[in-house]
Every structure is written in C-alpha cells, then in structure tokens.
Amino acid sequence: MVAYPFALLVISLGVNLFLFGVQPLEPSLPTREIFVALTVAAAGLLANHSWLMTSTELTRSRFELYATPEEWTAAGKSRSQADQKGLEELERRHNTHRNATENTVYFAFLGVVFALVSPPAFAAFV
C-alpha cells in the first residue's frame, strides 16, 4: 500500500520518457507570455478577493453585524441578539474567503514552479 504511489510514479515516468518521448523539464526564467498569463491570473484572484471582502462587509451592514467584541459593545448590542440568518450568511462568506485564500497560496507556489520550468505559452494560458 505504501509503495503503490511510488511504483505508479516510476511507471508513469517510464512510459512518458520512453513511449511518448516526453522530455524532462528544463528550469529557465519565464518568458514574457508566461509572465503575462500569470499576471492575468493573479489579477483575477485579486478581483475575487476584493469582491469577497466587499460582500462580507455588505452582509455585516445589512444584518448589523460587527467584527470585534469592541464594536458590539460600542453599538450597544451583543452577538446573541444578532439575527441567526445574518450570522449564517456571514459564516458562508468567511468560509468562501478562507477557501479562496488557501487556493491563492497554492496557486502562487505552483505558479512560480510552473513558470520556472519553461512550459509552452499555450499551457500557461490554459
């Protein structure tokens, strides 16, 4: 069971190298096309995060929810008085934002690795 993934990796590498003629990766600086593709993807991720932040604040405003205990105290309210639907909507947005943040970290790491292995420009845009 433990050796299975490694055996599968060795077999797939062998098939790719000897049967299909796939060449090993060659590290190099990214081309302009790769840089443009990653920049466009990063702008999309930034727009997504901006919308998520805006949506979260609109939800807070609509249901009169606050972010910190100090804000609740200053408003003269407590979290236990908050509308349950509002808290559920806010939690949904928090989960979405958390998921987007996790995906952005993975994208950044894999994007840098991808850019440094000289992929074809078409692969970067896909």
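This briefing describes the fold, dimensions and surface of one protein chain. The structure is a predicted model, in which local features need pLDDT of at least 70, side-chain atom pairs count only at pLDDT 80 or more, and totals for chains, interfaces and linings use all residues. Residues are numbered from 1 along each chain as its sequence is written, and side-chain values use heavy atoms, with hydrogens and water left out.

**Helices**
- The protein chain has five helices and zero strands, arranged along the sequence as α-α-α-α-α; helices (H or I, at least four residues) and strands (E, at least two) are DSSP runs, numbered from the N terminus.
- Helix 1 covers residues 4-19, and because its 16 residues at 1.5 Å each should span 22 Å, the 21 Å between its end C-alpha atoms agrees; the expected span is 1.5 Å times one less than the number of residues.
- Gly21, which follows helix 1, has a positive phi near 70°.

**Dimensions and contacts**
- The radius of gyration of the protein chain is 23 Å, whereas a compact globule of 126 residues would have one near 14 Å; the value is taken over C-alpha atoms, and the globule rule is 2.2 Å times the number of residues to the power 0.38.
- The C-alpha trace spans about 70 × 45 × 20 Å along its principal axes.
- Among contacts (heavy atoms within 4.5 Å) with a separation of 6 or more, 69% join residues 24 or more positions apart.

**Burial**
- Of the 126 residues, 18% count as buried, meaning under 20% relative accessible area (1.4 Å probe, protein chains only).

Technical notes
Buried < 20%, exposed > 50% of the residue type's maximum accessible area, 1.4 Å probe, protein only.
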